[in-house]
Amino acid sequence: MSTTSPALLGPADIRQLAGRLDVRPTKQLGQNFVVDANTVRRIARLAEIGPDDLVTEIGPGLGSLTLALLETGAQVVAVEIDPKLAAELPATIATRCPPEVAARFSIVESDALLVQAAQLEVDGRTPTAVVANLPYNVAVPVLLTLLERIPTLRSGLVMVQAEVADRLAARPGDKAYGVPSVKAAWYADVRWAGAVSRQVFWPVPNVESGLVQFTARPHPVADVSREEVFACVDAAFAQRRKTLRAALAGWAGSADAAEAALRKAGIDPKTRGERLTVEQFAALAAAR
């Protein structure tokens with residue numbers, strides 16, 4: 001290890017650490033640890049973070065990505081639900097980093113779906129970026145929760161199941177476009193940032209993975225709350241093969257009321273939800 005850089009974890013390091021801790025990755029927590037140093041460095045590079053950033057990492061596990069994030073010069077606050085992993089990670093960081101690098105790390109033991117922005121404050125700042133290998137089973141709710149609760153987030157890069165990546169980055173009219181696509185677009189411009197081989201994980205997952213990058217942007221302008229817009233989105237995709245006139249009948253009170261709101265928003269009642277942008281959903285919610 002140099003005097004200024006962390007010593008990243010390799011496959012042997014991770015297996016040795018997991019064995020010492022008697023840690024066995026569980027499907028329940030969606031744990032698949034990245035064991036390839038080139039991959040974590042790639043993620044940190046694509047995230048475009050640096051010394052000015054406070055990065056939150058969700059589910060750091062044994063710390064392979066954490067070390068790569070610290071290598072960029074960023075401050076890192078990790079959120080880990082597993083008590084054993086949360087207790088060990090500071091020691092791993094202290095062992096593999098110079099003191100001045102280790103000082104830029106902190107950890108919060110919590111469920112990412114429950115954590116609040118105030119818990120992630122460091123020196124009076126809340127995170128500017130999120131970079132994480134998100135557990136496959138909760139990736140979408142975790143990402144949307146963070147975007148909702150941490151308004152200071154400017155950007156992020158998350159690794160998720162490839163199918164989830166497709167959904168998050170989909171555009172209106174795409175086959176994968178749906179509720180996650182629209183809700184993520186409320187907060188940010190979201191785009192596909194590359195594939196990740198399943199061979200870089202331990203254990204090797206049964207699914208492919210992908211990287212999703214986002215840049216925060218202002219919410220659509222509408223005289224309506226996010227909750228009201230999201231209720232409209234949920235209703236539109238609950239019966240996605242139906243026209244919006246039919247799919248939104250329950251949401252609007254009747255098919256006729258849905259048609260009136262659609263026409264007021266300038267949307268053809270025969271359109272399906274998969275064709276609407278987040279701005280159109282906002283206009284529709286406001287029209288009701």
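This report describes salt bridges, nonpolar cores and aromatic pairs in a predicted model.

Local features are given at pLDDT of at least 70 and side-chain atom pairs at pLDDT 80 or more, whereas totals for chains, interfaces and linings use all residues. Residues are numbered from 1 along each chain as its sequence is written, and side-chain values use heavy atoms, without hydrogens and water.

**Salt bridges**

The structure contains 16 salt bridges, each defined as a side-chain nitrogen of Lys or Arg within 4 Å of a carboxyl oxygen of Asp or Glu. The table lists examples.

| Residues | N to O distance |
|---|---|
| Arg167 and Glu163 | 2.5 Å |
| Glu227 and Arg226 | 2.9 Å |
| Arg263 and Glu259 | 3.0 Å |

Arg167 and Glu163 are 4 residues apart in helix H7 (residues 162–169), a separation of about one helical turn. Helices are DSSP runs (H or I, at least four residues), numbered from the N terminus. Accessibility is classed by relative accessible area: buried is under 20%, exposed is over 50%, and partly exposed lies in between (1.4 Å probe, protein chains only). Arg167 is partly exposed at 36%, and Glu163 is partly exposed at 41%. Arg226, by contrast, is buried at 18%.

Arg263 and Glu259 are likewise 4 residues apart, in helix H12 (residues 255–264). Arg263 is exposed, with a relative accessible area of 54%. Both residues belong to a salt-bridge network that also includes Arg245 and Asp256.

**Nonpolar cores**

A nonpolar core is a set of buried Ala, Val, Leu, Ile, Met, Phe, Trp, Tyr and Cys residues joined through side-chain atoms within 4.5 Å. The largest core has 62 residues, and Phe281 and Leu284 are among those with the most contacts inside it. Apart from it lies another core of 41 residues, including Val34 and Leu157. Leaving aside residues up to four places away in sequence, Phe281 touches residues including Val182, Val229 and Phe237, contact meaning heavy atoms within 4.5 Å.

**Aromatic pairs**

The whole structure has 5 aromatic pairs. Rings of Phe, Tyr and Trp (its six-membered ring) pair if their centres lie within 6.5 Å; planes under 30 degrees apart are stacked, over 60 edge-to-face, and the rest tilted. Tyr187 and Phe230 form an edge-to-face pair, at 6.3 Å centre to centre and 80 degrees between the planes. Tyr187 lies in helix H8 (residues 179–187) and Phe230 in helix H9 (residues 226–238), 43 residues apart. Tyr187 is buried at 7%, as is Phe230 at 9%.

The pair of Phe237 and Phe281 is tilted, because the ring centres are 6.0 Å apart and the planes stand at 40 degrees. Phe237 is in helix H9 and Phe281 in helix H13 (residues 278–287), so this pair ties together parts 44 residues apart in sequence.

Definitions and conventions:
Helices (H or I, at least four residues) and strands (E, at least two) are DSSP runs, numbered from the N terminus.
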